[in-house]
Amino acid sequence: MTWQLALQLGTSDQPLFERIAIAIATDIERGRLRVGTRLASSRTLAQQLGVNRNTVVAAYEELCAQGWIAIEATRGAFVTNTPIAKSALAGADGSSTLGYPEHPGFELPADALDVETLTGRPPGSLVLLGGVPELRGAPRLALARAYRAALCGAGARRLLDYASPHGHIKLRTALAHLLSHVRGVAAPVAAVTVVRGSQQGLYLASRALLRPGDLVAVEQLGFRPAWRALELAGATLVPIPVDRDGLDIDALEAAYATRPIRAVYTTPHHQYPSTVTLSTERRTRLLSFARRHRVIVFEDDYDFEYHYEGRPVLPLAAADRAGVVIYFGTLSKTLAPGLRIGYVVAPPAVAQQLVAYRRVVDTQGDAVLEHAVATLLEDGEVQRHTRRALALYRRRRDALCEALQRRLPQLDVPAPRGGMAVWASAPGIDTDAWVKRGVAAGVLFQAGSRVRFDRQPDPHLRLGFAACNESELVEAVDRMVRALP
């Protein structure tokens, strides 16, 4: 089946069949009808245009004679790749009308966003990018069954209708249960909002809670997309140093003494990118600081599940009694990033503000998918998958660290206590050049400059280990060796 083709016929005095032929040839020339496209039958097109079928037959014969299309007795008419030369099409102002415009006919704002285009990964590349999980073992069949059950169940019609911008109640309830039992965050369902990934959650929270000119403290090494979301809300970012104990609270308090800070964005469990955990003493001081000065704490807990040494530290939100912490979580690392399911935990009054903004830009999430994922949480499938992944990632962390120590002894590679990546020191090496050479060698990783607030060269590498198995990790390190500048 093909779509009904909308044609714009000219108003000249030419015979109707010629006007039809010119309209189709014009659409072929400007790329609207591509090589190999099957045209509607002469009978179908005649009915659509309200003309005699013989008129369309004559138009097709004219196009065939000019080389625009080929007509096969049993298959119909198809666009070919050998049209004869035709005078260039031009508008009244002399501008070309071939194809879709490549550039806008108006000025873009001076502060238009920089676009980092995702061009895809070269075939055969090994991915050492932090935050990319193992997808080969994702519970796809269980998810497919749950998705099918959602679409075929008694409430399927409601799932396909407009729904709550807070997210499906079934998933919000399952997430509230998870947060209470696993992370110590005793939040009611009214405090949980399901969003399309934690990045969207931060964007909505920033728009709802920040005003132009507000100061937001961020970790000096950190996640650039999060910084951009804050800036889009009009915030001015204040970089705060990070050391082996996490965010430097002394530096934060000194910055506040100079200029009042509205919010702090932090990754306290596994600091991005260094993986260090905010110390107990600093966690207490940060919450006290926020309570005293009524400062918002944006807590991004992007990979809580993956902690390998000792017990994971509970989120700041678990100890928050003053209502200052806005907590962001995601299922991208436990299930798959392509599902785009995250959540925000905040006092219900804040949750109402988030969904007010969401209605403007997104209306709601995918209710069918949310229902299906909730089923996986209720059935324990997500928990079982997470336990398998935890053991798998621990082995992969050890395999990567061992391969790096053996093949690249010039690097300092402390094994992280948690997370999905290592933060390796590469003294005296141009890490930006190394990353570029790595792409050509078939291995993808990140240079320290990508996570620095000032974008300056940095002698560190962020190397993810979750997406590759042990043998692939060894091969990836060999490719890094070959790419060493």
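Which loop holds Thr275? Thr275 sits in the loop between strand 9 and helix 10, with helices being DSSP runs of H or I of at least four residues and strands runs of E of at least two, numbered from the N terminus. This is a predicted model, where local features need pLDDT of at least 70, side-chain atom pairs count only at pLDDT 80 or more, and totals for chains, interfaces and linings use all residues. Residues are numbered from 1 along each chain as its sequence is written, and side-chain values use heavy atoms, with hydrogens and water left out.

**View A. The loop between strand 9 and helix 10, with Pro273 and Thr275.** Strand 9 covers 263–266 and helix 10 covers 280–293. A cis peptide bond links Tyr272 to Pro273, with omega about 10°. Thr275 isn't a glycine, yet its phi is positive, about 70°. Thr275 counts as buried because its relative accessibility is 12% (buried is under 20% relative accessible area, exposed over 50%, partly exposed in between, with a 1.4 Å probe and protein chains only).

**View B. Arg455 in the loop between strand 15 and strand 16.** Here's another positive phi in a residue other than glycine, near 65°. At 53% relative accessibility, Arg455 counts as exposed.

**View C. Helix 16 (residues 470–483) and its packing partners.** The 14 residues should span 20 Å, and the end C-alpha atoms are 20 Å apart, which agrees; the expected span is 1.5 Å times one less than the number of residues. Buried residues here include Leu473, Val477 and Met480. The helix's buried residues pack against strand 3 (126–127), helix 14 (381–407), helix 15 (431–441), strand 14 (443–444) and strand 16 (460–464).

**View D. The largest nonpolar core, around Val373.** A nonpolar core is a set of buried Ala, Val, Leu, Ile, Met, Phe, Trp, Tyr and Cys residues joined through side-chain atoms within 4.5 Å. This one has 50 residues, and Val373 is one of those with the most contacts inside it, along with Leu171, Leu179, Leu252, Tyr343, Val345 and Leu377. Leaving aside neighbours within four places in sequence, Val373 is in contact (heavy atoms within 4.5 Å) with Leu143, Leu171, Leu331, Leu335 and Ile341. Apart from this core lies another, of 34 residues, among them Leu128, Leu400, Val413 and Leu473.
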